[in-house]
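Dear colleague,

Please find below the structure that I am handing over to you, with its sequence.

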Amino acid sequence: MKTSAVDATEPRPPFSAGFAELFLLFSKIGLSSFGGGVSVWMHTALVERRGWLDETEFSSALALARIMPGVNIINLAVLIGHRLIGLSGAVAAVLGLLVGPSLIVIAAAILYRRFAGVTILDVALAGTAASAAGLLIGMGVKSGGRIVRRGLASSGRTAQGVGTIVIFAATFVLVGVLRLPTVPTVLCLAPCSLALAWFGGRKASMERNDDGG
Amino acid sequence: MEDSRTLLALLVVFAPLSLVSIGGGPAVFAEMQHEAVVVHGWVTQQQFGDLFAISRAAPGPGALLATLIGWQAAGWLGALVVSLAFFVPSSIVVYVAACFWNRWRGSAWHSAIEDGFVPIAAGLVLAGAFAVLQSGGAGPLAWGTAFCVAAWRLWRPNFHPFIALGLGAALFGFGRAIL
């Protein structure tokens, strides 16, 4: 199997899930993600609860999913499904995210035609959307906090640590506050961030070699 | 005959949109609105706005707006055709990229790319939250609710997000009632 070769290079908790289990899990994620923010639910289910992916794998998949064509969440499902069990995993994850929610959303459209303009419904929808944005903020602050802590603690590699914090802050301000388009902004920031990670990683591995020798 | 022509038109409109939607579904919502409302008249402007609100509030990806347009234009078959046209082409591109991506796992530049994208992803997640809160006339109450939910989530990360979502919606409703 293809995944066994991958596991050999990078040890991970014992993982055994088939098409059906992945389909059901992603259906559950899709159906519980009211008001958007599907990525938060994926993070909770896959990283926090099951430990099938680590933080770095999830974050990089999230960033890759955003710069490739297609809906971010669907792309993320393709990447994660493929990472876990290959082609059938990607198909199971995407179908799980789409089939159940499609039926619900069409049912909702039918109902909405009948009950449009009912105030309590509108308030519930708006409240749910605001709370979902809050979940996103929580997720961003959590990984942002980790970046800042690690950046400040990186003794001997201060430039890299501070640079990483600057990249994080710049991404948020440019896209979130100044509302610049995502793709060009990421294409400008990514080379800087990748260079930092490349040279920082090389320096770190050289230091490790020095310690060993 | 009319039906199959509509289905074909849906396919022709949504398949290319799938491949140019770089940055996510919302990147092509404007183009989707133009094709569906102005060019083909599958939905009215009012209907488009309603379908957008429904797709945002219902569970699942917000991009199910595309599926809803297909459903409005040509029923269940339309929903199916649009779903395939809009979600499959981009997924194939991403799948091929993922194959290469995993093959090079473990190499130095692979880890550099993974680490390098971490701060950008974190910034984009926060930016996405702010974009939602800035759009659609969300007032101070929405911002307050969002920050309360975020604080609760950071304080008690082990609670299922569903609980935070329910409490947040209740808080928002309570705030709306007394303000």
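The notes below set out what was found, beginning with chain A and ending with two individual residues.

Please bear in mind throughout that this is a predicted model. For chain A the mean pLDDT is 80, and 83% of the residues reach 70 or more. The pLDDT is below 50 over residues 1–11 of chain A, a stretch that has 10 contacts in the model beyond near neighbours in sequence. Residues 207–213 of chain A also stay under 50, and there the model has zero contacts beyond four places in sequence.

Chain A contains nine helices and zero strands. Of its 213 residues, 48% are buried. Among the contacts in chain A with a separation of 6 or more, 53% are between residues 24 or more positions apart.

The two chains meet through 90 residues of chain A and 81 residues of chain B. On the chain A side, helix H7 (residues 119–153) gives the most, with 23 residues. By class, that side of chain A has 56 nonpolar, 29 polar and five charged residues.

The largest nonpolar core has 115 residues. Those with the most contacts inside it are A:Ala77, A:Ala93, A:Val94, A:Ala133, B:Leu68, B:Ile69 and B:Ala129. Helix H4 (residues 64–103) of chain B supplies the largest share of this core, 16 residues. Setting aside residues up to four places away in sequence, A:Ala77 touches A:Phe26, A:Ala93, A:Val94 and A:Leu97.

Two helices of chain B were examined in more detail. Helix H3 (residues 45–57) of chain B has 13 residues, which at 1.5 Å a residue should span 18 Å; the end C-alpha atoms are 19 Å apart, in agreement with this. The buried residues of H3(B) are B:Phe48, B:Leu51, B:Ile54, B:Ser55, B:Arg56 and B:Ala57. These pack against helices H6 (87–115) and H7 of chain A, together with helices H2 (29–39) and H4 of chain B.

Helix H5 (residues 108–134) of chain B has 27 residues and reaches 40 Å from its first C-alpha to its last, close to the expected 39 Å. H5(B) is mostly covered, with 21 of its 27 residues buried.

Finally, one residue from each chain. A:Ile137 lies in helix H7 of chain A. A:Ile137 counts as buried because 28 other C-beta atoms lie within 10 Å, where 20 or more are required. Leaving out residues up to four places away in sequence, A:Ile137 touches B:Leu126, B:Ala129, B:Ala146, B:Phe147 and B:Ala150. The C-alpha atoms of A:Ile137 and A:Gly176, 39 residues apart along the chain, are separated by 12 Å.

B:Ala142 lies in helix H6 (residues 140–155) of chain B. B:Ala142 is buried, with 24 other C-beta atoms within 10 Å. Apart from neighbours within four places in sequence, B:Ala142 is in contact with A:Ala126, A:Ala130 and B:Leu133. B:Ala142 and B:Val38 are 104 residues apart in sequence and 33 Å apart in space, C-alpha to C-alpha.

With kind regards

Methods
Residues numbered from 1 in each chain as written. Chains lettered and ligands numbered in written order. Predicted model: local features only at pLDDT ≥ 70, side-chain atom pairs only at ≥ 80, totals over all residues. Core = buried A, V, L, I, M, F, W, Y, C linked by C-beta atoms within 7 Å. Buried ≥ 20, exposed ≤ 12 C-beta atoms within 10 Å, placed from the backbone. Helix = DSSP H or I, 4+ residues; strand = E, 2+ residues; numbered from the N terminus. Contact = placed C-beta atoms within 7 Å. Expected span 1.5 Å × (residues − 1). Nonpolar A, V, L, I, M, F, W, Y, C, P; charged D, E, K, R; others polar. pLDDT = per-residue confidence, 0-100.
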